[in-house]
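Please take a moment to look over the structure shown below before reading on, and keep it in view as the paragraphs lead you from one part to the next.

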Amino acid sequence: MITRDTQRLNMMSAPQDLPLQPTEDGSFTFFSPEFGEAFHSRFGAKGEAKSKFVEPLNLAAKATAPSLKILDICYGLGYNTAAALAAIWEVNPHCQVEIIGLELDQGVPQRAIAQGLLNDYPLPIPEYLKTLGTQLQVTSHNLQATLLIGDARQMLKQVYDSGFQADAICLDPFSPPTCPGLWTVEFLAMVAQCLKPDGRLATYSCAAAVRTALMMAGLAIASSTPFGRRAPGTIASWDGVGLPPLSEKELEQLNTRAAIPYRDPNLGDRHQSIIDRRQTEQATSPLEPSSHWKKRWISATIDNQ
């Protein structure tokens, strides 16, 4: 288990100003001025945690096991971890859960705690996550949790080196165009190495570049049920068992320039360098432009009406 002593030099300072935003399911999220995006969909922070992560990860079914391990990448406000614990302990209150969360700024979970955003989850989850957000570690009879603060690319290396193998991985960074460093071939390859042979990964993104990187890591992929919009999320696993096949439209997108992945060979490049590298590769690629793919499928939709 990773301890706080391995991360003290990576801890951020005082919480930044994060405007509070309501979402359509009555829960609240923050807006990040740094990334220019909200932490959650406008359709619902709690709803997104359940629909995009807990349900695709099959956590209710997995909860019959005596213990589970979860890797929460971009812990943020704590909704994904809270929803996961609620789903697991509703089925099996005795399930022993081990969680490692990765978060750039400790101020984010601290602000969520101060606003009481997780208080609607069943006890003792709010108390556990309050301790996790402030002390970065929780040890109880049914939960062992650690929050690692810093660049997730470096923090994940610690997780990988520790031998941690997750039953479930929540992959929840800001969008690929604004946070490309956490969607690269190299980063997702290391994420995959932290997944158990029978584990599952879930993310809200269905970007072709992300799906390509997951497949390059050796994972099988599928779409999760859309939440509040047409676009689905993505589920990934090693064997693909129980995953529905991609549609013809989705498969074709994986053969367009949109599917060219982000790359970060040394896991330390600036975001703009990662974006520039991909754009250069796209400019010289013989693959079909994604605009052609979109026009073809729009025409097919119109013809079928």
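Predicted model: local features only at pLDDT ≥ 70, side-chain atom pairs only at ≥ 80, totals over all residues.

Strands of a sheet pair through backbone hydrogen bonds, either parallel or antiparallel. In this model, three strands form an open sheet whose order is E1-E2-E3, and their pairing is antiparallel. Strand E1 (20–22) and E3 are found at the edges, where each has a single partner strand, so one side of each is left without a neighbour in the sheet.

Rolling a probe the size of a water molecule over the atoms shows where empty space is left. The largest pocket has a volume of about 850 Å³, and among the 44 residues that line it, Glu37, Asp172, Pro173, Phe174 and Ser175 lie nearest its centre. Sorted by class, the lining of the largest pocket holds 21 nonpolar, eleven polar and twelve charged residues.

The second largest pocket contains about 410 Å³ of space and is lined by 19 residues, of which Cys206, Ala207, Ala231, Gln253 and Trp293 lie nearest its centre. Helix H8 (208–216), helix H9 (248–253) and helix H11 (290–303) each contribute at least two residues to the lining of this pocket, which by class comprises eleven nonpolar, two polar and six charged residues.

Notes
Residues numbered from 1 in each chain as written. Heavy atoms only, no water. 1 Å grid on protein atoms, 1.4 Å probe; cavity = no way out; pocket = protein on both sides within 12 Å on 5 of 7 lines; lining within 4 Å. Points joined across faces, edges and corners; volume = space filled by probe spheres on them. Nonpolar A, V, L, I, M, F, W, Y, C, P; charged D, E, K, R; others polar. Helix = DSSP H or I, 4+ residues; strand = E, 2+ residues; numbered from the N terminus. Pairing = 2+ DSSP bridges.
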